[in-house]
Amino acid sequence: MEKFDIYSGIAVPLRRSNVDTDQIIPAVYLKRITKTGFDDALFASWRADQNFVLNQPAYKSGSVLIAGPDFGTGSSREHAVWALRDYGFRAVFSSKFADIFRGNSGKQGLVTGIITDADTEALWAAIEAQPGIEASVDLAGQTVSVGNLSVHFEIDEYTKWRLLEGLDDIGLTLRDEAAISDFEARRASWRPKTMPAKS
Amino acid sequence: MSNKPLTLAEKVWNDHLVAKGENGAPDLLYIDLHLVHEVTSPQAFDGLRLAGRPVRRPDLTIATEDHNTPTLDIDKPIADVTSRTQIEALRHNAKEFGIRIHSLGDLDQGIVHVVGPQLGLTMPGITVVCGDSHTSTHGAFGALAMGIGTSEVEHVLATQTLPLKPFKTMAINVEGTLRPGVTAKDIILAVIAKIGTGGGQGYVLEYRGSAIRALSMEARMTICNMSIEAGARAGMVAPDETTFAYLMGRPHAPTGQDWDDALAYWKTLPSDEGAVFDAEVFLDADTLDPFVTWGTNPGQGVSLLARVPSPDDFADPNDRVAAERALEYMDLKPGTRMRDIKIDTVFLGSCTNSRIEDLRAAAAVLDGKKKAEHIRMMVVPGSAKVRAQAEAEGLDKIFKEFGAEWRFAGCSMCLGMNPDQLAVGERAASTSNRNFEGRQGKGSRTHLVSPLVAAATAIRGTLSSPADLAESNEKAGL
Ligand code: SF4
């Protein structure tokens, strides 16, 4: 996965709270079996509305999303992150994220930064004053800036490090191979096995 | 650390620690059981193939087809191309990687969260994961059960472990005795209305108290199932005699010496006297009414006896805006009696309420009655085995004579990935777990209800509880 350092892209104000993953990507798109190509699915129902923010020319090629609180709630579908990523988003900011969504994001190189409600409002105002303006995201410094406005965001140290390094999950874990084998050797025999018991 | 009183969740966590995370890195936990279905797994298997990695423990992995399987004509090829592609991909991957699969037509095919417990694979003190947020269902056994995303599915397939951050614990104390007509579903809807859809965020919930102890395993599953709707990572109930009795004799349950060893261990699991929870919530079971939702998230619920709230009832500005939007979407006017809301479709099914007890409870209400003329009712058992058992008990006849559709097992209208969808603007009373915009079909409107409320609603045509039936009988002089 790509390293994340300092990134600038068009900022998109999404003035909605409780954006659940069904809204980010409706269930009908989950049928695909590939890992990429979900850009058309992002916010599909909302995009049917001509007034939706991503349908406005200034925001069409947006890549930094500023959303209301409780972003990514609901279903654990990781397709929500793929859809954001495939559309071109590299970072999402909100005052509150759902845990699973946030976990999924970190693994795909999508930055999810927590900002205050007041900063959300301030960023929205700054972007809407100049639609199409770029936001600059400095992951190491934990700031997102639009014009003269620069706000601090929260991200946990571990995820930050991984994003900065562009580190893949499985490789990291397999460094603990010996510990895993050890654990398996100690695992009690009553613990579940899916085979060979015949159902 | 050895003498510190621990909660159930902490005990299970500690017993699965492969490596302790340092410098803010997550702990590495061993996973006892990995459940796989067709929707969230294809890309994970794809990833393995790309990297040339095998599945580390096929013997701790099991697959079933549920999310987009048809519930009619299951012997015919699946008409929808993409659904068929996903199912074929799962079958192909199971074969290639050596994983047991329960396919359409198999008695253990069905919703992944119904099948795990049915097989006796779900047991106390284990870790369970699945690429589905309602994996929290399995916590009813005192397992630590969590929904994961597709890249985590790939991670577990490759390593049988998962890096996880420690979470906080929250005790949900439900004391007292439920009144007739009030069920587990009403408890959990009331809990979510109380703490909100984000109230459990970062927590593992432990449901405790006399009202929880009195519940059957299936009812406990209903409660744990919806923990995720309060934002929690997992929900748990301490194992007890009810748990052990449910497990004993199931196909994958331990036997002989293994059973004795397991039982001895399981009895050590309940939270210690004096264990400290990071948060506590209290709910009175004695005064609880049947609970239903009016809005577009599971926290927007009220007593069935109440009225549709007004946005002004909410102090928090975000809640107010959310309520306004929800009322508009749901086409509801504040002040309307919940019991006057007219329903088009009743859906009895989903991993929340599609087990045999749910079907029995609904059938008991429907027996000998006729459905309201305008109502369409769909009954979708959670697994092929539940369906077979219901038929052995004659429940299917009751449903059919009532005028309901008796379907094959799967997720069905819970999320409408197969043809089982609501039309635009259609209003459902649904025993599922999510009333999000468009969840049951584009433009669909969902009221979450218990199986008892679903059944009574199908009879009266408006949101109702079995108690309303008695009232209308009295009025009619019956
Ligand atoms: S029944 Fe609904 S909630 Fe349960 S696993 Fe299926 S789609 Fe998910």
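Predicted model: local features only at pLDDT ≥ 70, side-chain atom pairs only at ≥ 80, totals over all residues.
Visitor: How many of the residues of chain A count as buried?

Guide: Of its 199 residues, 55% do. Chain A has eight helices and seven strands, and its C-alpha atoms fill a box of roughly 65 × 40 × 25 Å along the principal axes.

Visitor: Why is Glu96(B) called partly exposed?

Guide: Its relative accessibility is 42%. Partly exposed covers what lies between the buried limit of 20% and the exposed limit of 50%, so Glu96(B) belongs there. Glu96(B) has its place in helix 3 of chain B. The C-alpha atoms of Glu96(B) and Pro54(B) are separated by 9.6 Å, and these two residues are 42 apart along the chain.

Visitor: Now for rings. Why is the pair of Tyr158(A) and Trp161(A) called tilted?

Guide: Their ring centres are 5.9 Å apart, and rings pair if the centres lie within 6.5 Å. The planes meet at 40 degrees. Under 30 degrees would count as stacked and over 60 as edge-to-face, so with 40 degrees this pair is tilted.

Visitor: What separates Tyr158(A) and Trp161(A) in helix 6?

Guide: About one helical turn, because they are three residues apart in helix 6 (residues 157-165) of chain A. An α-helix has 3.6 residues a turn, so residues three or four places apart point the same way.

Visitor: Is Tyr158(A) buried or exposed?

Guide: Tyr158(A) is buried, at 15% relative accessible area. Trp161(A) comes out at 37%, so Trp161(A) is partly exposed.

Visitor: What makes Trp294(B) and Phe314(B) a tilted pair?

Guide: The centres of their rings are 6.1 Å apart and the planes are at 40 degrees. The limit for pairing is 6.5 Å, and tilted is what remains between stacked and edge-to-face, so the pair is tilted. This pair links distant parts of the chain, 20 residues apart. Trp294(B) is in the loop between strand 13 (291-293) and strand 14 (301-303) of chain B, while Phe314(B) is in the loop between strand 14 and helix 11 (317-330). Trp294(B) is buried, with a relative accessible area of 2%, whereas Phe314(B) is partly exposed, with 24%.

Visitor: How many aromatic pairs are found over all chains?

Guide: The search of the whole structure finds 21. Ring pairs also link Trp190(A), Phe244(B), Trp259(B), Tyr265(B) and Trp266(B) into a cluster.

Visitor: Which ring does the charged end of Arg387(B) sit over?

Guide: That's the ring of Phe408(B), with the charged end 3.8 Å from the ring centre. The distance cut-off is 6 Å. Arg90(A) does something like this too: its charged end sits over the ring of Tyr7(A), 5.2 Å from the centre.

Visitor: What makes helix 15 of chain B mostly covered?

Guide: Nine of its ten residues are buried, including Leu452(B), Val453(B) and Ile459(B). Just after helix 15, Gly461(B) takes a positive phi of about 90 degrees.

Visitor: Which residues touch the most other members of the largest nonpolar core?

Guide: Phe43(A), Phe71(A), Leu84(A), Phe101(A), Met377(B) and Phe399(B) do, in a core of 105 residues. Helix 15 (residues 451-460) of chain B gives the most to this core, with seven residues. Apart from this core lies another, of 92 residues, with Ala44(B) and Val156(B) among them.

Visitor: Last one: which residues surround the ligand?

Guide: Among them are His67(B), His113(B), Asp132(B), Cys351(B), Cys414(B) and Arg439(B). Sorted by class, the shell has five nonpolar, five polar and two charged residues. Asp and Arg count as charged, so Asp132(B) and Arg439(B) go in the charged group.

Terms used: Residues numbered from 1 in each chain as written. Chains lettered and ligands numbered in written order. Heavy atoms only, no water. Near = heavy atom within 4 Å. Core = buried A, V, L, I, M, F, W, Y, C linked by side-chain atoms within 4.5 Å. Buried < 20%, exposed > 50% of the residue type's maximum accessible area, 1.4 Å probe, protein only. Helix = DSSP H or I, 4+ residues; strand = E, 2+ residues; numbered from the N terminus. Phe/Tyr/Trp six-rings, centres within 6.5 Å; stacked < 30°, edge-to-face > 60°. Lys NZ or Arg CZ within 6 Å of the ring centre and 35° of its normal.
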